[in-house]
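Dear colleague,

I am handing over the structure below, and my notes on what was found in it follow directly after. Please read them with the coordinates open beside you.

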Amino acid sequence: MAARGRVSGWVRRTGIEVVGWTLVVLGVAALVLPGPGLLMLAAGLAVLSQQYHWARRYLKPLKSNAYHAAALGVKTIPRIAASCASALLIMTLGVVWILQPAVPSWWFLEDRWWLFGGAGTGISLIVSSIIALALIVYSVRRFRGRPMPARPSGLRTETE
C-alpha cells in the first residue's frame, strides 16, 4: 500500500511538472505568435504553484493585476464595446486566414509570405477571440457595478 502511494504521488508530481512547464513554454511562444500567451503563462504558473513556492509568489501579484485589469476593462460601456469589437475583428481575421484568399496585387513580398501559417494560425486566432469573449462575459458578470479589486501596493502607477 505504501509503495502504491509513492507511485501515485510520483505520477501526480510528474503530471503537474509536465502540464505546468508545457503551458509556460506555450505561453512564452504565444506571446510572439497568435494565441493567448499571458493566459497560458498564468495557467502554467497556477499549475506549478501546487508544487513550487516561487510559482505561488509570482502568481499572487499576477492574479491581483489580472483582476484589476479585468475590472478596469468593464468599467464603462465603451470599453466593453471596444473589447468585444476587437475580439470579433480577430475572429474575422482568423476566418480570412483559414479561407486563404488570393494574393492581392498590392502585396510587395513573395506570395509565400501572404497569410503564412495557414489554417493553424486562423484556428489559433479564432480560439483566442473566443477565449477573449468568454473572459469579457466573465469580467462583466464578476466586476461590473462592484468596487475595484485592489492591486498589490508595489505595482501602482501614477495615473491611478
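Glu 110 counts as partly exposed at 48% relative accessibility, where buried means under 20% relative accessible area, exposed means over 50% and partly exposed lies in between, with a 1.4 Å probe and protein chains only. Glu 110 forms a salt bridge with Arg 112, the closest N and O atoms being 2.9 Å apart, and a salt bridge here is a side-chain nitrogen of Lys or Arg within 4 Å of a carboxyl oxygen of Asp or Glu. Arg 112 is exposed, with a relative accessible area of 56%.

Before going further, please note that this is a predicted model, in which local features need pLDDT of at least 70 and side-chain atom pairs count only at pLDDT 80 or more, while totals for chains, interfaces and linings use all residues. Residues are numbered from 1 along each chain as its sequence is written, and side-chain values use heavy atoms, with hydrogens and water left out.

A search of the whole structure finds two salt bridges, and the other pairs Arg 13 with Glu 17, whose closest N and O atoms are 3.9 Å apart. Both of these residues lie in helix α1 (residues 2–32), four residues apart, which is about one turn of the helix; helices (H or I, at least four residues) and strands (E, at least two) are DSSP runs, numbered from the N terminus. Arg 13 is partly exposed, with a relative accessible area of 40%, whereas Glu 17 is buried at 18%.

As for the overall fold, the protein chain has five helices and zero strands, and 22% of its 160 residues count as buried. Of the contacts in the protein chain with a separation of 6 or more, 59% are between residues 24 or more positions apart, a contact being heavy atoms within 4.5 Å.

Helix α3 (residues 53–73) has 21 residues, which at 1.5 Å a residue should span 30 Å, and its end C-alpha atoms are 30 Å apart, in agreement; the expected span is 1.5 Å times one less than the number of residues. The buried residues of α3 are Ala 55, Leu 59, His 68, Ala 70 and Ala 71, and what covers them includes α2 (37–48) and α5 (118–143). Ala 66 also has its place in α3, but Ala 66 is partly exposed, with a relative accessible area of 43%. The C-alpha atoms of Ala 66 and Leu 38, which are 28 residues apart along the chain, are separated by 9.9 Å.

The axes of α2 and α3 come within 8 Å and cross at roughly 135°, where axes are lines fitted to C-alpha atoms, for helices over the stretch in contact, and angles run from 0 to 180 degrees between N-to-C directions. That makes α2 oblique to α3, given that angles under 35 degrees count as roughly parallel, over 145 as roughly antiparallel, 65 to 115 as roughly perpendicular and the rest as oblique. In this pair, Ala 42, Leu 45, Ala 46 and Leu 48 in α2 meet Trp 54, Ala 55, Tyr 58, Leu 59 and Leu 62 in α3.

For α5 itself, the 26 residues should span 38 Å at 1.5 Å a residue, and the end C-alpha atoms are 37 Å apart, which agrees. The buried residues of α5 include Leu 125, Ile 126, Ile 136 and Phe 143, and the buried residues of this helix pack against α3 and α4.

Finally, some backbone angles deserve a look. Gln 100, found in the loop between α4 and α5, has a positive phi of about 50° although it is not a glycine, and at 34% relative accessibility Gln 100 counts as partly exposed. Leu 115 lies in the loop between α4 and α5 and has a positive phi of about 50°, again without being a glycine, but Leu 115 counts as buried at 11% relative accessibility. Just after α5, Gly 145 takes a positive phi of about 80°.

With kind regards
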